[in-house]
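Q: Hi, could you look through the charged side chains in this one with me? I'd like to go pair by pair.
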Amino acid sequence: MREIAGILKENSAFKVNLSGYADKGTGFPELNMRLSKNRAEAVRDALVKEGIDSSRISVEYWGDTRSVSETPSENRTVICVIK
């Protein structure tokens, strides 16, 4: 978080998009949606705690409807894209 916050602090025009995901192989769709939302929001909250204005942070979450990897544990993640 500190590294991402540092990049955002050094570049005031940059914004970050956080995308939360969950593993389709465990839980059920409603739980996975909530888990992915909680993951993305936890990262947002950590960045805000590091001094990043929340208006520079967008949050989206996909539950188990999208995968970033064929390895289930790698889908329990938040992807940060800085623009």
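Q: Let's start with R44. How exposed is R44?
A: R44 is partly exposed, with a relative accessible area of 25%. Keep in mind that this is a predicted model.

Q: And which residue forms a salt bridge with R44?
A: That's D45, and the closest N and O atoms of the two are 3.1 Å apart. D45 is partly exposed too, at a relative accessible area of 42%.

Q: Okay, zooming out: how many salt bridges does the structure hold?
A: The structure holds 4.

Q: Where do K37 and E41 lie?
A: Both lie in helix α2, 4 residues apart, which is about one turn of the helix. K37 is partly exposed, its relative accessible area being 29%.

Q: Switching topic, what does the side chain of D23 meet?
A: The side chain of R76, in a salt bridge of 2.7 Å, N to O. D23 lies in the loop between β1 (16–20) and α2 (29–49), while R76 lies in the loop between β2 (57–61) and β3 (78–82), so the pair ties together parts that are 53 residues apart in sequence.

Q: Nice. Is D23 buried or exposed?
A: Buried: D23 has 5% relative accessibility, and the cut-off for buried is under 20%.

Q: What about R76, how exposed is that one?
A: R76 is partly exposed, with a relative accessible area of 41%.

Terms used. Residues are numbered from 1 along each chain as its sequence is written. This is a predicted model: local features need pLDDT of at least 70, side-chain atom pairs count only at pLDDT 80 or more; totals for chains, interfaces and linings use all residues. Side-chain values use heavy atoms; hydrogens and water are left out. Helices (H or I, at least four residues) and strands (E, at least two) are DSSP runs, numbered from the N terminus. Buried means under 20% relative accessible area, exposed over 50%, partly exposed in between (1.4 Å probe, protein chains only).
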